[in-house]
Each structure stands twice: as structure tokens, then as C-alpha cells.
Amino acid sequence: MEYSRSKHEIIQWYQSHISGKGIRLVWVGSKEHWDTIHSLQSMLKKSVSPIEVITISNHPKATYPWTRQSVMQDILRGDIGVVPTSDQGASKAKSANRVTLYMALGLPVVAGSIPAYHEVIKGGQSGYIATSEQDWFSAISLLENIEVRMHIALNAYDTVLPQYT
């Protein structure tokens, strides 16, 4: 199972996925963290742009069930990887695994603010850190542009490939 793609594959993927049908956010997480994506989904209902949220989880309401065999292909159904966070103390100690996974697959990332994510994401260069509702809307709005999305994704890929794969 591959956890990254070549830069050439990423560029080809972007060129073939210009749909004009809105943005597809993708979230991977366990049912124990469903509240974080549910909060983001509720917030995104205020958006004027069409935004689909693809969820991959062991939660019964997930778009796709999480399986080792399909998780990578399911992630690639999305345009932007999202990693919302909780304000609970334990969530502040998480690793950057999901962030680096999205980046290695060539997806730009918008993530909540925890120390591990700040170590990997360079705001506006390799992804975005969102600390407020306005930050989420701003980042997603910027990433609606395919050229910006591909530029951020390639920077993210270049950031994680030497250090995390």
C-alpha cells in the first residue's frame, strides 16, 4: 500500500480532476473524534460555495468505512484534507500523522491548531492552520482556486517527503 505519490502523479491528478463542481473536503478519523468533523460540517453549512465533506471512519454515519484496503483511494476522492481539532487537553498532544499523510498524497491541508501541526504546516505555503471559523472559511476559499490548491499541495509534498516518508 503506497502512502505517497510522485510529483508527476500529483500534477497529472490535478490536471485530470478539474471538475468545477465545488470543493470536496476529506476527513479521516475514528468515531471517538466524530464531534470535530461534525462541528466543521455544521459551520460549513453557512458557506455560499458548494462544499462536500467526505468522511472516512468507523463511525456509522461516515461516507466511507475506514479499511486498510481502501483508505488511500478514499482519501483521494477529496480535494483538501481537513483535520479539525478539539479544545480538550489530550488532543493537543496528537501527532501530525494525518496531516503528513494528506501532504504525502498531494492534498493541501487545513488543520486546527496544535503544536505537531505547526511543526509541519507553514501557513500559506504548505497548508493552513485554522484557529477560528473565519480561518476555516478563508483557507477553504483560497484553496477553491485549482492553481493555488496545486501550488500548496506540491509545497506540502516537498515538505513531508524527505522528513516523513
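## Reading a predicted model, feature by feature

User: Where does Met 72 lie?

Analyst: Met 72 lies in helix 3. The model is a predicted one, and every value below is computed from it.

User: Is Met 72 buried or exposed?

Analyst: Burial is read from relative accessible area, and a residue under 20% counts as buried. Met 72 has 9% relative accessibility, so it counts as buried.

User: How much of helix 4 is covered?

Analyst: Helix 4 spans residues 97-104, and seven of its eight residues are buried. These are Arg 98, Val 99, Thr 100, Leu 101, Tyr 102, Met 103 and Ala 104. Just after helix 4 comes Gly 106, with a positive phi of about 90 degrees.

User: What is the overall layout of helices and strands?

Analyst: The protein has seven helices and six strands. Read from the N terminus, the order is α-β-α-β-β-α-β-α-β-α-β-α-α. Of the 165 residues, 47% are buried. The protein exposes about 8,400 Å², and carbon and sulfur atoms supply 51% of that area.

User: What do the contacts say about sequence separation?

Analyst: The count takes contacts between residues at least 6 apart in sequence, and 66% of these join residues at least 24 apart.

User: Which residues of helix 2 are buried?

Analyst: The general idea comes from helix geometry. An α-helix has 3.6 residues a turn, so residues three or four places apart point the same way. In this structure, helix 2 covers residues 34-44, and its buried residues are Trp 34, Thr 36, Ile 37, Leu 40, Met 43 and Leu 44.

User: What covers the buried residues of helix 2?

Analyst: The cover includes strand 1, strand 2 (51-57), strand 4 and helix 6 (133-143). For helix 6, the meeting residues can be listed. On the helix 2 side they are Leu 40, Met 43 and Leu 44, and on the helix 6 side Glu 133, Trp 136, Phe 137 and Ile 140.

User: How are helix 2 and helix 6 oriented to each other?

Analyst: The crossing angle is taken between the two axes, and 65 to 115 degrees counts as roughly perpendicular. The axes of helix 2 and helix 6 come within 11 Å and cross at roughly 75 degrees. Helix 2 and helix 6 are therefore roughly perpendicular to each other.

User: How many aromatic pairs are there?

Analyst: Ring pairs are read from the distance between centres and the angle between planes, with over 60 degrees counting as edge-to-face. The count comes to one aromatic pair. Trp 27 and Trp 34 form this edge-to-face pair, at 5.6 Å centre to centre with 80 degrees between the planes. Both Trp 27 and Trp 34 are buried.

User: How many salt bridges does a search of the whole structure find?

Analyst: A salt bridge is called when a side-chain nitrogen of Lys or Arg is within 4 Å of a carboxyl oxygen of Asp or Glu. The search finds four. Among them is the pair Lys 7 and Asp 158, whose closest N and O atoms are 2.8 Å apart. This pair links distant parts of the chain: Lys 7 is in helix 1 (residues 7-16) and Asp 158 in helix 7 (residues 146-164), 151 residues apart.

User: What are the relative accessible areas of Lys 7 and Asp 158?

Analyst: Lys 7 has 34% and is partly exposed. Asp 158 has 39% and is partly exposed.

User: What does the salt bridge of Asp 79 and Arg 24 tie together?

Analyst: Their side chains meet at 2.8 Å, N to O. Asp 79 lies in the loop between helix 3 (71-75) and strand 4 (80-83), and Arg 24 lies in strand 1 (residues 23-28), so the pair ties together parts that are 55 residues apart in sequence. Asp 79 and Arg 24 are both buried.

User: Which residue forms a salt bridge with Asp 74?

Analyst: Asp 74 forms one with Arg 77, with 3.0 Å between the closest N and O atoms. Asp 74 counts as buried at 3% relative accessibility, whereas Arg 77 is partly exposed at 38%.

Notes
Residues are numbered from 1 along each chain as its sequence is written. This is a predicted model: local features need pLDDT of at least 70, side-chain atom pairs count only at pLDDT 80 or more; totals for chains, interfaces and linings use all residues. Side-chain values use heavy atoms; hydrogens and water are left out. Helices (H or I, at least four residues) and strands (E, at least two) are DSSP runs, numbered from the N terminus. Buried means under 20% relative accessible area, exposed over 50%, partly exposed in between (1.4 Å probe, protein chains only). Contact means heavy atoms within 4.5 Å. Accessible areas come from the Shrake-Rupley method with a 1.4 Å probe; for residues, only the protein chains shown count as cover. Rings of Phe, Tyr and Trp (its six-membered ring) pair if their centres lie within 6.5 Å; planes under 30 degrees apart count as stacked, over 60 as edge-to-face and the rest as tilted. Axes are lines fitted to C-alpha atoms, for helices over the stretch in contact, and angles run from 0 to 180 degrees between N-to-C directions. Angles under 35 degrees count as roughly parallel, over 145 as roughly antiparallel, 65 to 115 as roughly perpendicular and the rest as oblique.
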